[in-house]
There are 2 protein chains.
Amino acid sequence: MAKKRAYHHGDLRRALLQEAVRLIQRKGVDALTLRAVGEPLGVSRTALYRHFADKSALRAAVASEGFRMLTLQVLEAWNGHGRNAEAFQEMGMAYVRFAMAHPSHYRVMFGECVEASTDPELAREGAAAFQALVDALTWQQQNGSVRPDNPLRLAQFIWATVHGIAMLAIDRLLESQQTDVEELTRFANERLRIAISV
Amino acid sequence: MAKKRAYHHGDLRRALLQEAVRLIQRKGVDALTLRAVGEPLGVSRTALYRHFADKSALRAAVASEGFRMLTLQVLEAWNGHGRNAEAFQEMGMAYVRFAMAHPSHYRVMFGECVEASTDPELAREGAAAFQALVDALTWQQQNGSVRPDNPLRLAQFIWATVHGIAMLAIDRLLESQQTDVEELTRFANERLRIAISV
DNA sequence: CGGGTGATGTTGACAATGTCAACATAGGCG
DNA sequence: CGCCTATGTTGACATTGTCAACATCACCCG
């Protein structure tokens with residue numbers, strides 16, 4: 001029995017999660033409805049209750065999936081550009097690009113409904129994403145290219161900046177001055193480099 | 001006729017708005033229910049529809065009120081500390097303190113449900129808050145204490161950082177390392193000063 | 001001063017939604 | 001083969017936002 005995937009539907013949990021992500025990305029968070037998730041899968045509402053405690057658990061799973069994707073993207077940018085100062089900036093760009101590409105999904109990851117404290121998997125994936133940032137900073141500190149402050153505090157500072165840009169961009173609060181988000185992110189990265197240099 | 005406040009209830013609009021703010025602060029955003037707003041005022045649901053287009057218009061009004069309060073707080077910090085570099089840091093502290101003191105209210109101000117484009121008052125109040133930051137920066141540029149970059153871009157950069165700290169703090173994502181938010185904000189302000197100096 | 005008129009508030013109803021209890025089914029294990 | 005548990009369904013219910021129809025009150029115009 002390779003998987004437990006052969007009862008009635010076959011890995012319905014993964015299908016539900018995938019459909020939930022699709023719905024959120026295409027129609028927004030409000031469109032995430034138990035009935036709307038079940039129907040495309042030929043399954044009726046409440047089927048979900050055999051795989052998730054309730055709707056908020058489904059949202060938490062969506063958020064976890066988001067953090068997993070985000071971690072992959074930023075790590076690819078960091079590792080794929082040589083783990084230097086330039087690669088660090090690409091890491092920031094990748095972060096903001098992810099948020100811009102999946103605005104509703106990103107919002108679920110930081111929504112008030114999903115409490116990281118209640119879902120251990122979500123806490124784990126969120127911590128993993130943050131750890132990628134911490135690791136990149138410690139690496140640069142050993143390099144001598146980043147000042148030897150507490151790496152966690154540096155990481156929180158930088159995280160706040162990119163998260164803030166992402167949030168403001170998603171909320172369309174940067175459009176007033178026809179701002180190019182890519183350009184703003186580049187500018188922020190440049191200034192941050194000054195701020196965290198020795 | 002000094003006011004229009006003398007029909008049945010007497011300025012019900014303001015009472016509804018005030019009760020909505022109270023509800024959000026004390027019970028969270030989900031507790032903001034048309035029935036829950038009307039009942040304490042001895043008024044029935046749907047009474048609200050004579051003063052707000054719908055529930056989201058009420059939320060927008062709450063958000064506008066929040067921006068008004070926020071603008072007052074940061075301007076008081078800026079003006080009350082002498083409009084210098086130190087005052088600018090106090091401005092940032094005041095921003096984050098407001099968010100920490102009114103987490104649910106702050107979240108409504110940046111929630112996805114409230115689209116600034118649909119409510120002109122909200123757009124105005126939001127722009128006013130942002131303008132306070134821009135003004136403080138231009139002032140310092142004329143001082144020579146801030147580099148002569150585009151002040152709007154500088155403002156967006158700094159706004160993103162404090163907004164990010166506020167959001168992460170509200171989402172309790174800074175508690176993992178038992179972080180003191182005040183301390184993190186101070187650290188961020190110090191690093192930002194380096195980043196925006198000439 | 002009196003009736004009408006529009007602003008303001010109420011009641012009833014309805015559809016959508018999350019959730020639970022009771023029921024149905026199926027697939028593997030004894 | 002027969003049962004047992006995992007899995008999925010149906011019916012029901014409370015909550016909620018919203019609308020239409022109705023009620024009421026203040027003020028204005030004659």
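**View 1. The protein surface beside DNA strand C.** By class, this surface near DNA strand C brings together 9 nonpolar, 9 polar and 7 charged residues. Here Ala, Val, Leu, Ile, Met, Phe, Trp, Tyr, Cys and Pro count as nonpolar, Asp, Glu, Lys and Arg as charged, and the others, Gly among them, as polar. A residue is near a strand if one of its heavy atoms lies within 4 Å of it. What you see is a predicted model, in which local features need pLDDT of at least 70 and side-chain atom pairs count only at pLDDT 80 or more, while totals for chains, interfaces and linings use all residues. Residues are numbered from 1 along each chain as its sequence is written, chains are lettered from A and ligands numbered from 1 in the order in which they are written, and side-chain values use heavy atoms, with hydrogens and water left out. Of the 25 residues around DNA strand C, the ones that come nearest are R35(A), K55(A), R45(B), R50(B) and H51(B). Of the atoms of DNA strand C that come within 4 Å of the protein, 52% belong to sugar and phosphate.

**View 2. Side chains of chain B at the bases of DNA strand C.** Look for R45(B), where an N or O atom of the side chain is 2.8 Å from a base nitrogen of DNA strand C. T46(B) has a side-chain N or O atom 3.4 Å from a base oxygen of DNA strand C.

**View 3. The protein around DNA strand D.** Now turn to DNA strand D, which is surrounded by 24 residues, the closest being R45(A), R50(A), H51(A), R35(B) and K55(B). By class, the surface near DNA strand D has 8 nonpolar, 9 polar and 7 charged residues. At the bases, a nitrogen is 2.8 Å from an N or O atom in the side chain of R45(A), and a base nitrogen is 2.8 Å from one in the side chain of R35(B). For T46(A), the distance from a side-chain N or O atom to a base oxygen of DNA strand D is 3.5 Å.

**View 4. Where chain B meets chain A.** Each partner joins in here, with 35 residues from chain B and 35 residues from chain A in contact (heavy atoms within 4.5 Å). Between them the chains bury about 3,400 Å², 63% of it on carbon and sulfur atoms; buried area is the accessible area (1.4 Å probe) that two parts lose on being put together, summed over both. E112(B), Q156(B) and R191(B) supply 17% of the area that chain B buries against chain A, more than any other three residues.

**View 5. A salt bridge between the chains.** The two chains share 4 salt bridges, each a side-chain nitrogen of Lys or Arg within 4 Å of a carboxyl oxygen of Asp or Glu. In one of them, the side chains of R153(B) and E183(A) meet at 2.8 Å, N to O. On the side of chain B that touches chain A, the largest share, 13 residues, comes from α7(B) (helices are DSSP runs of H or I, at least four residues, numbered from the N terminus).

Definitions and conventions. A polar contact is a pair of N or O atoms within 3.5 Å; within protein, one must be able to donate a hydrogen and the other to accept it, and residues adjacent in sequence count only if both atoms are side-chain atoms. Helices (H or I, at least four residues) and strands (E, at least two) are DSSP runs, numbered from the N terminus.
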